[in-house]
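Q: Please take a close look at the ligand surroundings here, and then go on to the helix packing. Numbers and cut-offs are welcome.

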Amino acid sequence: MSNAGANSLKQQDGKSLLKNDHLLNLEVDVLYHLGLDTSSNDLKAMFGDVKYVCMGGTKYRMREFAAYMAVVLEIPQEGKLVNLTKHSQRYAMYKVGPVLSVSHGIGIPSMTVLMQEVIKLMHYAGVKDPEFFRIGTSGGVGIPAGSVVVSSWGLNGVLERTYDLPILGTTRKFPAILDNSLSQELLATASPDDDFEIHSGGTFATDDFYRGQARLDGPFCDYTDADKMTFLKKLSSMGVKNIEMETTAFAAFTGEAGIRSAVVCVTFLDRLLGDQVTTSKSTLLDWQTRPMTVIGRYIVKSYQKTKSK
Ligand code: R2B
Ligand code: URA
């Protein structure tokens, strides 16, 4: 497939996920980090029925999520789940019916490279109104470890609700606000039988795990414990419920594309109580299924509605 001959990126409904007319000049678009392109792969046949794009840091977690969605959507899997990006070796991407489950690595640059190619992939596949989710891990601020946080907005390292990207030598700011109606629908999936708390609030998204998140346990640190606590309490007073490394850019790029999106993270510790993640590996693995449960419930309900239309 190529764009040659087309004079608009708009789909039949007049919408487009892409805002870049330069793409119309490409004979073939190579989605390099996905190991796919618009000439050798029939992207409409491969991905045309996707509705829910779910991203998370690790390849393992996103494979588990795909397997989980196959069970809850009752989609029988013949053989093993196939990593559809295996030629690129950077990320892992699995497809189960309407769900695309993709890993994005750690931090904003790793995630945005993946995310921009997935947005283009959705466009070339002709997907209408996809919804994007980040299934993440984080440090909590004043809530019990193991809680789930649905983000309302992302806060950057200098405490602004924007994602800042230098473009052609100038720093540009993009709003980092998430879709309120989708957050509310996710929060509404909570059940009184759940063995975890679910919160909504702001998410502090940093470019570093150590000093960037006010830790005292990195290889470098020139501030005091009191400085750290003052800062974390300031975050809390601003409405921040958790700290991770992607939400601002995730919110900004989905917003720019006009995609409904949400970030749902589990917290591995309460940062008001410490810096190190000391909970056992098996408990952490168990906690990581909590955001999957929340998003899984939403997808099952939403997918049933689209099928009955
Ligand atoms: C949460 O966990 C990772 C760092 O350990 C990072 O990707 C994030 O946002
Ligand atoms: N991920 C983060 O970015 N920070 C934490 O404290 C835990 C997980």
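A: An oxygen atom of ligand 2 lies 2.7 Å from an N or O atom in the side chain of R215, a polar contact, that is, a pair of N or O atoms within 3.5 Å; within protein, one must be able to donate a hydrogen and the other to accept it, and residues adjacent in sequence count only if both atoms are side-chain atoms. The model is predicted, with local features needing pLDDT of at least 70 and side-chain atom pairs pLDDT 80 or more, while totals for chains, interfaces and linings use all residues. Residues are numbered from 1 along each chain as its sequence is written, chains are lettered from A and ligands numbered from 1 in the order in which they are written, and side-chain values use heavy atoms, without hydrogens and water.

Q213 also reaches ligand 2: a polar atom of its side chain is 2.9 Å from a nitrogen atom of the ligand. The surroundings of ligand 2 (residues with a heavy atom within 4 Å of it) are T137, S138, G139, F209, Q213, R215, I243, E244, M245 and L269.

Around ligand 1 are I106, R134, T137, F209, E244, M245 and E246. The side chain of E246 has an N or O atom 2.4 Å from an oxygen atom of ligand 1.

Next, the helices, which are DSSP runs of H or I with at least four residues, numbered from the N terminus. Helices α3 (residues 108-124) and α6 (residues 247-257) pack at about 20 degrees with axes 10 Å apart; axes are lines fitted to C-alpha atoms over the stretch in contact, and angles run from 0 to 180 degrees between N-to-C directions. That makes α3 roughly parallel to α6, the term for angles under 35 degrees. From α3, I108, M111, T112, M115, Q116 and I119 meet T248, A249, F250, F253, T254 and A257 of α6, where contact means heavy atoms within 4.5 Å. This contact has eight nonpolar, four polar and no charged residues; Ala, Val, Leu, Ile, Met, Phe, Trp, Tyr, Cys and Pro count as nonpolar, Asp, Glu, Lys and Arg as charged, and the others, Gly among them, as polar.

Helix α7 (residues 281-308) packs with α2 (residues 59-72) at about 45 degrees, their axes 10 Å apart, and the two are therefore oblique to each other. Residues of α2 in this contact include Y60, R61 and E64, and those of α7 include L285, Q288 and M292. The classes there are ten nonpolar, three polar and two charged.

Helix α4 (residues 180-187) packs with α7 at about 105 degrees, with axes 9 Å apart. That makes α4 roughly perpendicular to α7, a term covering 65 to 115 degrees. L182, E185 and L186 of α4 touch V294, I295 and Y298 of α7.

Conventions: Parallel < 35°, antiparallel > 145°, perpendicular 65-115°, else oblique.
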